[in-house]
Amino acid sequence: MPDVYSTIDALDEALLAFEDDEAMVVDELDGFLTGVILCPEILLPRVWLHHIWGGTPEKPAPFENAEEANAFLMLVMTRYNDIGLALNGPPRSYGPVISEDSRNGDMLWEIWMEGFEKALGLKRKAFDIFLTADEETAKAYRRLLHLGAIGRGQADPAEIEAVTPTAHSEIGPLVETLHAWRRKTDIARGDFPANMAPMSAGKVGRNDPCPCGSGKKYKKCCGLN
């Protein structure tokens, strides 16, 4: 199993190879996967997987062959599981993937937030359940929403200037607060903790069910040339 950093580097390279301008970059994907995991309702891969490469459910996945598709899906599933394991670990085990601007040293947290907001858009009503949780959880959710607005420049200019340099350090603790409530709630219901039944990262056979959750055989779904 690749280590966390080699997985992130490999994902970065694979994502940059996609020709679609709507394809995610690695920081964006990290925010997106984190949002998928945090969602208070299960989000199956068929709902979100195609967003990674800027596609649609009807459009064939942009892979040259089954081996290429397998390799990419394995990377995505590995990162998904790494995020879940970190969130289920001791406090402050989770850290978002946020790049540094080589020109000035700024942390580009806005890209992570863009991916997280794309996950919110998959099922916003489900995410807004956090607003009905305890005060700490609701406050953390509202803060993440506000950081998203700041990242888009939709806030008071003085606040944007004040918050932007340190916003990256807020994200990890806020995510862990939301996850802690999800985990506690799921355990109370008797579900697997926090939406984190691990996704298989093994090789997918051509006649196996597609890991995107479509219900089709892999060779007739993501395994299409």
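Tutor: A salt bridge is counted when a side-chain nitrogen of Lys or Arg lies within 4 Å of a carboxyl oxygen of Asp or Glu. This is a predicted model, and by that rule it has eight salt bridges. In one of them, the side chains of Arg-103 and Asp-101 meet with N and O 2.7 Å apart.

Student: Are Arg-103 and Asp-101 buried or exposed?

Tutor: Buried means under 20% relative accessible area, and exposed means over 50%. Arg-103 counts as exposed because its relative accessibility is 73%, whereas Asp-101, at 9%, is buried.

Student: Which residue forms a salt bridge with Lys-123, and where do the two partners lie?

Tutor: The partner is Glu-41, with the closest N and O atoms 2.7 Å apart. The pair links distant parts of the chain, 82 residues apart: Lys-123 is in the loop between helix H5 and helix H6, and Glu-41 is in the loop between helix H2 and H3. Lys-123 is partly exposed at 35%, as is Glu-41 at 33%.

Student: What does the salt bridge between Glu-117 and Arg-152 tie together?

Tutor: The closest N and O atoms of that pair are 2.3 Å apart. Glu-117 lies in helix H5 and Arg-152 in the loop between helix H7 and helix H8, so the bridge ties together parts 35 residues apart in sequence.

Student: How many helices and strands does the protein contain?

Tutor: The protein has nine helices and zero strands. Buried residues make up 44% of its 225 residues.

Conventions. Residues numbered from 1 in each chain as written. Predicted model: local features only at pLDDT ≥ 70, side-chain atom pairs only at ≥ 80, totals over all residues. Heavy atoms only, no water. Helix = DSSP H or I, 4+ residues; strand = E, 2+ residues; numbered from the N terminus. Buried < 20%, exposed > 50% of the residue type's maximum accessible area, 1.4 Å probe, protein only.
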